[in-house]
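User: I'd like a close look at a single part of this model. Could you walk me through one chain and how its pieces pack together?

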Amino acid sequence: MIFGAIVAGGVGNRMNLSGLPKQFLPLGESKKPIIIHTLEKFLMCDKFDYIYLGVHKDWTQYAEELIEKYGLKNEKIVITPGGADRNSTIFNIISAIEKRGEVRDGDIIVTHDAVRPFLTLRMINENIEAAKNCGACDTVIPAVDTIVESKDGKLITAVPNRKYLYQGQTPQSFDIKKLKKLYLDLSEEEKSQMTDACGVFVARNEPVELVMGDTFNIKITTVSDYKIAEAILGGMPE
Amino acid sequence: MINYVYQLVRPGIISIKYEDVHLEDEVIVKPTYMAICHADQRYYFGKRDFNKMSSKLPMALIHECVGEVVHDPTGTYPTGQKVVMIPNIPPKEPNDTIYENYAKGSGFRSSGYDGFMREFVNLPVDRVVPYKSTKDSHMAITEFVSVAVHAVKRFTEMAHNIRNSIGIWGDGSLAYALACIIKNAFPKIKLSVIGKDAYKLSQFTFADNTFFAGELPKDFNVDHAFECAGGEGSYYAIDDIIRYINPQGSVMLLGVSENKVGINTRDILEKGLTFVGCSRSGRVDFENAVKHMEDETFAKRINRIIYEDSPVNTIDDIHRVFRSDLNTPFKTVFKWNL
């Protein structure tokens, strides 16, 4: 089976635009919440058996009402409480999947940030194929800027060759059983340092395939991002 | 939902427009295969009048396209239904006399409105026509075939009943599609094709005669004629038609010419000819075109003029298909993966 997992566990709002978590802010001409735009794109993919939304427990009812309001209520959509961070939200979703039935070999989860509404169906389809082929994949774009490394924040410790560098986006997709097995193998310290689920595979030398993202597949986390997103769609709020 | 629209902003330059698409009223179709039309080429390579170009761009190209329904709030089509998309935008007020493709207030996707080069296409439910064929690459040219279907319909309505012979002037894709339809619709009519290109003419194996323009026998004549030359060839084709057509014949004009064409009106008057302009098509023509496309004999014939290029996965690939279309004699189709 193939599961979508839209990660929206946070309640943080660095935008000071409203009391709403950023995934619920209105976007575009329709003023639909960002998470609804993202969910609609997932719904265009007929390969998903279920689409899980990992939402902070205080906002699950709100999310349910939004789905109803925008006419998307569908037996494929399951809302489940998120966790403290991205990875724990993903594992909460995996637990919810397991509760509904056994996870079998080859079952795939396509995880995606709710606040990246500019993803495309191509990215989703290529994620599914890559996760089937390789066990894991990450959506990326080639690094445009030179990336420098500094371990103390004062002096450069390395200037990695840009041609080998990419910027990570989402979706990230995994063979569920493989992801879980590798994650459980990590020490608590390793888990705490792991901000990215692909890192779980890399830490255990398991291959992660690259899927090409898009420069505009931006993550809307700040006021600037939000304004950029509105501008991309042809509007520009003050 | 946020949709990606691949627009031509200037000749040879494609940019993405991101638009907020509503899912509440319209059918959402994922395009699967597209075909390139001469009109797209004229925009892409900047071969249209500068002012005309400026008034229409930026705009997504392509009006020959098939896809699969991914969302239908009207409940008419199931998810996965294969459909041909109709680029014509009929006027709000229906008109029983004037066809939708000529009516005042009608529009056309890829001429003033975004065409089908998009991630998803949102259309009113009456702008899609379902089909069963599994050969999507072949079905991609259905819009093109529907134009020929429409021209034959108009011919049927307007031409007098002496219909022993028809001449098609032109040896390109439209002439070929038209010849296929005429042979299907009127198997007893003697069909002659007049062209310039030996390879192209050699594809018309089912026509009764093929001739090189300028080498028509002195006693050659036809009851009715279809002009599919277009461009600079329009003048010579129309002139030939007026010379060789029998009195009171109907001349169906399908070729597009950027420049005005001089016409021998004296002989038109003398022979009492009828000239009928034919352009684009409407829903009924699409439905009939789908029936033709799903007919085995017709399908085999029409396949001869289809060249399938490699899939389009990136914007660079869009540029590639427009360039490679210049080197293919007939229709270029390609899988759309964006």
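This is a predicted model: local features need pLDDT of at least 70, side-chain atom pairs count only at pLDDT 80 or more; totals for chains, interfaces and linings use all residues.

Into which domains is chain B divided?

Analyst: Chain B splits into domain 1, made of 2-140 + 305-335, and domain 2, which covers 146-277. Where the two domains touch, domain 1 of chain B puts in four residues and domain 2 of chain B puts in five. On the domain 1 side of that contact, three residues are nonpolar, one is charged and no residue is polar.

Now for the helices. Take α4(B), residues 142-158, which packs against α9(B), residues 283-293. Their axes are 8 Å apart and the angle is about 110 degrees, so α4(B) is roughly perpendicular to α9(B). The two cross in a right-handed way. From α4(B), the contact uses Thr142(B), Val145(B), Ser146(B), Val149(B), His150(B) and Lys153(B). Facing them from α9(B) are Asp285(B), Phe286(B), Asn288(B), Ala289(B), Val290(B), His292(B) and Met293(B). Sort the residues of this contact by type and you find six nonpolar, five polar and two charged.

The other pair to look at is α5(B), residues 173-185, with α10(B), residues 296-303. Here the axes come within 10 Å and cross at roughly 160 degrees. Angles over 145 degrees count as roughly antiparallel, and α5(B) and α10(B) are therefore roughly antiparallel to each other. This crossing is right-handed. Ala177(B), Cys180(B) and Asn184(B) make the contact from α5(B), while Phe298(B), Arg301(B) and Ile302(B) make it from α10(B). By type, the residues where α5(B) meets α10(B) are four nonpolar, one polar and one charged.

On to the strands. β7, β8 and β9 of chain B make an open sheet, in the order β7-β8-β9, with mixed pairing. β7(B), at 88-89, and β9(B), at 112-113, are the edge strands; each has a single partner, so one side of each has no neighbour in the sheet. β8(B), residues 107-109, runs parallel to β9(B), and two bridges join them. If you want to find that pairing on screen, go to Arg109(B), whose bridge partner in β9(B) is Tyr113(B).

There's also a cis peptide bond to check in this chain, between Leu57(B) and Pro58(B), with omega at about 0 degrees. Pro58(B) sits in the loop that links α2 (50-56) and β4 (59-60) of chain B.

Last, the contact with the other chain. Chain B brings 19 residues to it and chain A brings 17 residues. On the chain B side, the elements that give two or more residues are β1 (2-10), β2 (13-20), β3 (27-35) and β5 (64-71). β2(B) gives the most, with three residues. The chain B side of this contact has nine nonpolar, five polar and five charged residues.

While you have chain A in view, look at two backbone details there. A cis peptide bond joins Thr170(A) to Pro171(A), with omega at about 15 degrees, and Pro171(A) lies in strand β8 of chain A, residues 166-175. Lys31(A) is not a glycine, yet it has a positive phi of about 60 degrees. You'll find Lys31(A) in the loop between β2 (26-27) and β3 (32-33) of chain A.

Conventions:
Residues are numbered from 1 along each chain as its sequence is written. Chains are lettered from A and ligands numbered from 1 in the order in which they are written. Two strands pair if DSSP finds at least two bridges between them. Helices (H or I, at least four residues) and strands (E, at least two) are DSSP runs, numbered from the N terminus. Axes are lines fitted to C-alpha atoms, for helices over the stretch in contact, and angles run from 0 to 180 degrees between N-to-C directions. Angles under 35 degrees count as roughly parallel, over 145 as roughly antiparallel, 65 to 115 as roughly perpendicular and the rest as oblique. A crossing is left-handed if the near helix is turned anticlockwise from the far one by less than a right angle, and right-handed if clockwise. Two residues are in contact if their C-beta atoms, placed from the backbone, lie within 7 Å. Ala, Val, Leu, Ile, Met, Phe, Trp, Tyr, Cys and Pro count as nonpolar, Asp, Glu, Lys and Arg as charged, and the others, Gly among them, as polar. Domain bounds come from an automatic or database domain assignment.
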